[in-house]
Amino acid sequence: MEKTLRTLEYHKVVEILLEKAESNLGKERIKGIKPLIEIEKIEYLQRQTEEAHSLLIKRGVPPLYGIHSVAPEVRRAEIGGSLTPGGLLKIADSLRVSRGLKNYIRETREDKDFNYPIIERMINNLSSFKGIEDEINNAIISENEISDSASSALRSIRRQIVNKNEAVRDKLSSIISSQSNKKYLQDSIVTMREGRYVIPVKSENKGNIPGLVHDMSGSGATLFIEPMAVVQLNNELRELELKEREEIERILMVLSNLVADEAEAIANNQKILQELDFIFAKGKLALEMKATRPKLNQKGYINIKKGRHPLLKVDKIVPIDIYIGNDFTSLVITGPNTGGKTVTLKTVGLLSLMAQSGLHIPADFNSEIAVFNQIFADIGDEQSIEQSLSTFSSHMVNIVDILANVGYNSLILFDELGAGTDPTEGAALAMSILDHLLKLNVRTIATTHYSQLKLYALTTENVKNASVEFDVETLSPTYNLLIGVPGKSNAFEISKRLGLKEHIIDYARNLISKENVEFEDVLQAMEKDRLAIEANKAEAEKYRIEVEKLKDDLAREKEKTRESREKTLQKAKEDARNILKAAKEDADNIIEGLRSLSVEIEKENSRKIQEARETLGTKLKEAEKKASPSIFNIKSRKPPKNLKAGETVEVLTFNQKGVVLEEPDENQNVKVQVGIMKISTHISTLRRAEAEEMHKVHGSTKKIFSSKSRNVKAEIDLRGKNLDEAFLELDKYLDDAYMAGLKEISIIHGKGTGVLRDGIQGYLKGHRHVKTHRLGKYGEGGDGVTIVEIK
């Protein structure tokens, strides 16, 4: 199989596939790809490719960048080791990719035609650790830098280091800027040696700048001295740097422990991400090659529709249609050189290998590929100088090896079978080899120039002729493959077109056998007939297309008529609906006008009543002023004591009998019901009524209360009234409800804008008869009703 893969250039397809992978892990997986022979496994791989191809079209490229091999880091963390910043960043990247893929498939799942079970299951098996990812990214800036925000201790240490550095540099700057020290210095600069701040001092003046010598220039003229004044500061700086290193190691250890806690899941993520990268690489390759998923079978049947060689440029390829394995098992292809015979062989072989590797093939939909146990190919000139083998011998070595290893369910591809030796013997060998393979029932495709093989294919069952078309007029191949038609050599026609003299061509015709001439004439006649049939077929196709066009036009006209009728009906319905709507609006406007008029009349009546009341009140006040003050200053010589609600009293100022409604308050004022009036008067203006009079008053009061209790309803409807009108009616109604002995009433005010409801709520708060009030509950009218409990 390895030789076949090399002959058919399978490795070049793999190299193209490698370029589609995002990660080295994916590339490693691709390098292990190979054709399989188990149809169930191949179908699974094909479904993977199909899902990836569909997702790439609908959702675009998934977020796969950032997949790394983190197995060494995970193992190190598991055994308690501390990971490097770079290793932790790799793990964070892998976790980010896992999380991104989960979001990618979650968004894709919203599509109504979502159906990617293999990829969805794999992505669902990924573990997402946003906490670990954030901790790493928050702590580590790059492979060589830890962030200040990694810990508060690290931030504090680094702040101290900055301050200490500034203190050291300030001290050294004061030394080098001192006029007394400048003459001892080689240069007025501050530099570093062995991690400590130093200044360059002339060798002869080293005694004038006390300190530690850390280095000397190459010439020996300069000593790099750490002045004693900054030794302690440098020591403190070194201690802070050690603390910083220890804190960084602690942070890395904490992060490594987080990774260790989820080591198994992270390692599992890597395997899934590697496989997903491989799957989407297959999808990208299919997209680039405009490839489709082939139908697979185990019957040895190949039917490639518009197949293209995957290594040739798409815009320069003439697609081929080729089939074998159903009506015949051997195919003999003839035709001129450079006509496309070898490309046809390689296309069939390479597409079979790709399909059995789980890759889509560059061919039209519903192309069929057989799953073969073995594929053999003897293609190309493999002449070997080193082994002293001629072209014929080289081919024969391959053929001998193929025949020795061929088994059931094999595909064999021969290029120029029997070539490179005496034509008669070569043709005989070729027919014998083909006959042997025919008896083994293996699928064989062979190219040849031998006329004997054309005749063999015509006269042998289960063998078929095919040819690559050649245009004699232009002396160029068309690259079309014609199955069932043997190829004509066209040697005499080509020679004639190229200018070879006619008598030489005629003499050549006489040299070949009569049978061969007749056979070539038959082929020429067949070719003419085929061209005529093709022309008639093209004409028939033209008429068929015209008929289809006419049918389409008729269908469109029919559809237009139907749509026009439906539009007319729809418009009529809409017009009728608009007329009804307009009539309804007119009726509503009239009703609204009447309602408004009714409201205006009601308002006018209420206004007149209010004016009458105000006029009456004014007259009463005037009457009071005119009346003798003595009338209102009448005092009881013996004011009643211990008055109780319900007792009958005589109101001296009105000379009327009444019933006490409430006991005297702290100012000795008493509320009394006098007829239909309620008054508040001082106890000194009252006198207890005689027993007979009390009986009469009580009887009268009872009659009034009895009448009220019968006539007063437990609810009042104030909807449509303004606040003044509502307060007027509500005040009277509350008095009536109180006198009727109702314990709970309902005030219907509606929801509306809420002005009436809020006004009523405020009015009830200070009313003398109201104990409590609340908005209605569900079933009572909700916010449109207020429930009042009477005292």
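Mentor: Let us begin with a definition, namely that two strands pair if DSSP finds at least two bridges between them. Please also keep in mind that this is a predicted model.

Trainee: In which sense do strand β18 and strand β19 pair?

Mentor: Pairing asks for at least two bridges, and between β18 (residues 656–660) and β19 (residues 669–674) there are two bridges. Within this pair, Val-660 has Val-672 of β19 standing opposite. The sense in which β18 and β19 pair is antiparallel.

Trainee: How many bridges join β19 to strand β20?

Mentor: Strand β20 covers residues 677–682, and β19 and β20 run antiparallel. One place to look is Val-670, which stands opposite Thr-681 in β20. The number of bridges that join β19 to β20 is six.

Trainee: Which residue in β25 does Ile-747 stand opposite?

Mentor: Strand β23 (residues 744–748) and strand β25 (residues 785–790) pair in the antiparallel sense, and five bridges are found between them. If you follow that pairing across from Ile-747, the residue you reach in β25 is Thr-786.

Trainee: How far apart are the end C-alpha atoms of helix α12, and what span should its residues have?

Mentor: Helix α12 (residues 263–289) has 27 residues, which at 1.5 Å a residue should span 39 Å. The expected span is 1.5 Å times one less than the number of residues. The end C-alpha atoms agree with this expectation, since they are apart by 39 Å.

Trainee: Is α12 mostly covered or mostly open, and how many of its residues are buried?

Mentor: A residue counts as buried when its relative accessible area is under 20%. By that cut-off α12 is mostly covered, and the helix is followed by Lys-290, whose phi is positive, near 55°. Of the 27 residues in α12, the number buried is 21.

Trainee: Which helices does the salt bridge between Arg-158 and Glu-244 tie together?

Mentor: The side chains of Arg-158 and Glu-244 meet at 2.8 Å, N to O, and both residues are buried. Because the two residues lie in separate helices, the pair ties together parts that are 86 residues apart in sequence. Those helices are α9 (residues 152–177) and α11 (residues 228–261).

Trainee: What is the relative accessible area of Ile-590, and is the residue buried or exposed?

Mentor: Ile-590 is found in helix α19 (residues 514–626). Together with Leu-594, Leu-597 and Ile-601, Ile-590 forms a nonpolar patch on the surface, with about 410 Å² of accessible area together. A residue counts as exposed when its relative accessible area is over 50%, so Ile-590 is exposed, with a value of 55%.

Technical notes
Residues are numbered from 1 along each chain as its sequence is written. This is a predicted model: local features need pLDDT of at least 70, side-chain atom pairs count only at pLDDT 80 or more; totals for chains, interfaces and linings use all residues. Side-chain values use heavy atoms; hydrogens and water are left out. Patches are made of residues with over 30% relative accessible area and no salt bridge: like charges are joined within 9 Å, nonpolar side chains (Val, Leu, Ile, Met, Phe, Trp, Tyr) within 5 Å. Accessible areas come from the Shrake-Rupley method with a 1.4 Å probe; for residues, only the protein chains shown count as cover. A salt bridge is a side-chain nitrogen of Lys or Arg within 4 Å of a carboxyl oxygen of Asp or Glu. Helices (H or I, at least four residues) and strands (E, at least two) are DSSP runs, numbered from the N terminus. Buried means under 20% relative accessible area, exposed over 50%, partly exposed in between (1.4 Å probe, protein chains only).
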